[in-house]
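Dear colleague,

Please find below the sequence and structure that I am handing over to you.

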Amino acid sequence: MPKYKNIFEEKRNEKMENEIANTEDAVVTHSPKYEGVHRTTRKVNFRREPMMNPTNVIRVLDAKTRVSCTGYYENRDGKTWVKAVAFGEEGYIMSDFLTKR
């Protein structure tokens, strides 16, 4: 019986490898734009590292959750991840889901 490659699994692994490569040289930059108290604009994943890996999620934050931001990281793909503290834990949130208001 021939063995079939799982194309979806290979693509997912390839995507994760690319994201890891994009964050290997991560340096958090400080900017007034991404410092201070912000709120989430919707329900959002709070992550250990600035990448989309599903096993990387610390917790899901509700909309309008207050977080204390300390800087940001922009990866090679142009995605901006904000370093933040929520519920005493440090992690990352994609900047698209944060507002200063």
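The notes below cover the overall fold, the strand pairing and the nonpolar core.

Please bear in mind that this is a predicted model. The protein contains one helix and seven strands, and their order along the sequence is α-β-β-β-β-β-β-β. Of its 101 residues, 34% are buried. As to contacts between residues at least 6 apart in sequence, 58% join residues at least 24 apart.

Strand β4 (residues 66-74) takes part in two pairings described here. With strand β1 (residues 35-40), β4 runs antiparallel and is joined by five bridges; in this pairing Arg39 stands opposite Arg66 of β4. With strand β5 (residues 80-86), β4 also pairs in the antiparallel sense, over six bridges, and Tyr72 faces Val82 of β5 as its opposite residue. β4 and β5 form a hairpin with five residues between them. Gly78, in the turn of that hairpin, has a positive phi of about 85 degrees.

The largest nonpolar core comprises 12 residues: Tyr34, Val44, Phe46, Leu61, Val67, Cys69, Tyr72, Val82, Ala84, Ala86, Ile93 and Leu98. At least two residues of this core come from each of β2 (44-47), β4 and β5.

With kind regards

Note on methods. Residues numbered from 1 in each chain as written. Predicted model: local features only at pLDDT ≥ 70, side-chain atom pairs only at ≥ 80, totals over all residues. Heavy atoms only, no water. Pairing = 2+ DSSP bridges. Helix = DSSP H or I, 4+ residues; strand = E, 2+ residues; numbered from the N terminus. Core = buried A, V, L, I, M, F, W, Y, C linked by side-chain atoms within 4.5 Å. Buried < 20%, exposed > 50% of the residue type's maximum accessible area, 1.4 Å probe, protein only. Contact = heavy atoms within 4.5 Å.
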